Amino acid sequence: RRGISSQSPYWGVFGIPRENFDRRAIDIIRVNPYYLLMETALCNYMRGISFDVKDKDGRRVESAYKFLSNPNPQQGFWDVFISMVRDLIAYDAGVIVKTYSRGGYCVELRAYSGPDFWGQIDRVEVTDMPNNANALGKAYISHGYVTRWWQRLNNGYTYQHYLHEEVCYFKQYPKSQSIYGDAILMSFKYHFRYLISSTVAAGRMMDNGLMPNLVWTHPDIASIEVLQQRLDSADHVNVGADNFGKTLHLLGNETVSTVDNTLADAKWLEGQQFVFKIILNIFGFPASEFSMEDVSTGRAASVVSRNIMKSRMLSTILSNIEDKINRFADKERHQLFIEPESIYYDDIYL
C-alpha cells in the first residue's frame with residue numbers, strides 16, 4: 001500500500017477526533033417535533049419489515065435466524081438495529097458491539113451510542129525519509145485503516161477499547177478523508193432553528209394578543225372621554241361568555257372592519273412548509289407523507305410517491321445493514337453463530 005490517509009497527523013492512542021461534528025448541536029435538533037416526526041415514521045416502517053436468513057438454495061438457516069431473532073438476552077432483532085439506525089440517521093454513526101465466547105463464537109449483538117466510539121488508525125513507520133534539512137530520517141504515516149476502537153464516554157475520562165472485529169460501525173455517508181461518516185444534520189441546523197424559532201414566535205403572538213382582530217373607527221369623536229365611554233359601553237354589551245353573538249351598535253359615521261391574520265399576510269405558513277419540505281428531502285419523505293400536499297390526485301400517484309420514499313430512505317438503510325451482516329458472516333463464517341451448521345448460509349435477506 002502506498003496511499004496515505006488524510007488523517008495521518010491525527011494518529012492517537014485513544015482514537016482520533018471527528019472533524020466538523022458537534023454532537024450537542026445535533027442533540028438539540030433531535031428533540032424538536034419536526035425531526036421526531038420523521039424519525040418515528042422511519043422506525044415504524046422498519047419495525048414492520050420482516051427478515052430472514054437463507055442459504056444459497058433459498059432455505060432458511062434456523063441457527064442463524066434464531067440467533068438474529070434474539071441477539072442478546074433482552075432484545076430482539078429490531079430492538080438492536082433500530083437503536084443503531086436512530087444514531088445512524090442523526091450522527092451518521094451507528095455502532096453494534098459483538099461479544100465473543102472463549103471459543104471464538106459471536107454470542108451477542110448490542111447497539112451502543114455511535115458518537116462515543118473513536119477509531120485508532122494504523123501507523124506505519126517509514127525510514128529513509130528526507131526532512132527539511134534534506135537529511136534522511138524516520139517518519140510515520142497511516143493508510144487510514146482502523147485497528148482499534150475506543151469508547152469514550154461523556155464524562156471525558158472513561159475509556160474502553162475494542163478490537164476492530166468486535167465493533168460493527170455503520171456509516172451512511174462515508175468520506176475518503178475520514179474514518180467517520182458525514183453527519184448531514186450539521187448542514188441543516190439553521191433550517192431546524194428557523195422552524196423552532198418561528199413556531200415559538202407565532203405562539204407568543206397568539207398568547208399575547210399582539211394582532212388586533214377588529215378595527216373600529218370613530219371619525220365623529222374628538223374627546224378621549226367620549227371615546228372611553230363608547231368602548232366601555234361596547235365591552236359591557238358584547239364582551240363576556242354570556243354575551244356571545246350580541247350586536248355591536250354603531251353611531252354616526254362609525255365603521256368596523258376585521259383584520260386578516262398577520263401570520264397569513266407574512267406568508268408564515270408557506271415559509272414553514274417550504275423549509276420543512278427541504279428537511280423532508282433529507283430523509284426521502286414526500287410532503288404528502290405528512291399531509292402537506294394535495295393527495296387527491298389518485299392512488300397511483302400516492303403509490304409512486306411512497307415507492308420513491310422507500311427507495312431513497314428505507315432501501316438504502318436496509319441495504320447497509322444487509323451488507324454489513326453478509327460481509328461479517330462471510331469473513332467470520334465459522335464464528336458468527338454458536339451452532340456449527342450455520343456455516344452453510346450465504347446471504348441474509350431483509
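Two strands are taken as paired if DSSP finds at least two bridges between them. In this predicted model, an open sheet of 3 strands is found, with the order β4-β7-β8 and antiparallel pairing. The edges of the sheet are formed by β4 (117–121) and β8 (159–163); each has a single partner strand, so one side of each is left without a neighbour in the sheet. From one strand to the next, the twist averages 30°. The antiparallel pairing of β4 with β7 (residues 146–152) extends over 5 bridges, and Gln 120 stands opposite Arg 148 of β7.

In total, 10 aromatic pairs are counted. One of them, between Phe 117 and Tyr 162, is tilted, with 5.5 Å from centre to centre and 35° between the planes. Because Phe 117 lies in strand β4 and Tyr 162 in strand β8, this pair ties together parts that are 45 residues apart in sequence. Both Phe 117 and Tyr 162 are buried. Elsewhere, ring pairs link Phe 51, Tyr 65, Phe 77, Trp 78 and Phe 81 into a cluster.

Leu 214 is located in strand β10, which spans residues 214–217. The relative accessibility of Leu 214 is 44%, and this residue therefore counts as partly exposed, in contrast to the buried residues Phe 117 and Tyr 162.

Key
Residues numbered from 1 in each chain as written. Predicted model: local features only at pLDDT ≥ 70, side-chain atom pairs only at ≥ 80, totals over all residues. Heavy atoms only, no water. Helix = DSSP H or I, 4+ residues; strand = E, 2+ residues; numbered from the N terminus. Axes fitted to C-alpha atoms, helices over the stretch in contact; angles between N-to-C directions. Buried < 20%, exposed > 50% of the residue type's maximum accessible area, 1.4 Å probe, protein only. Phe/Tyr/Trp six-rings, centres within 6.5 Å; stacked < 30°, edge-to-face > 60°.
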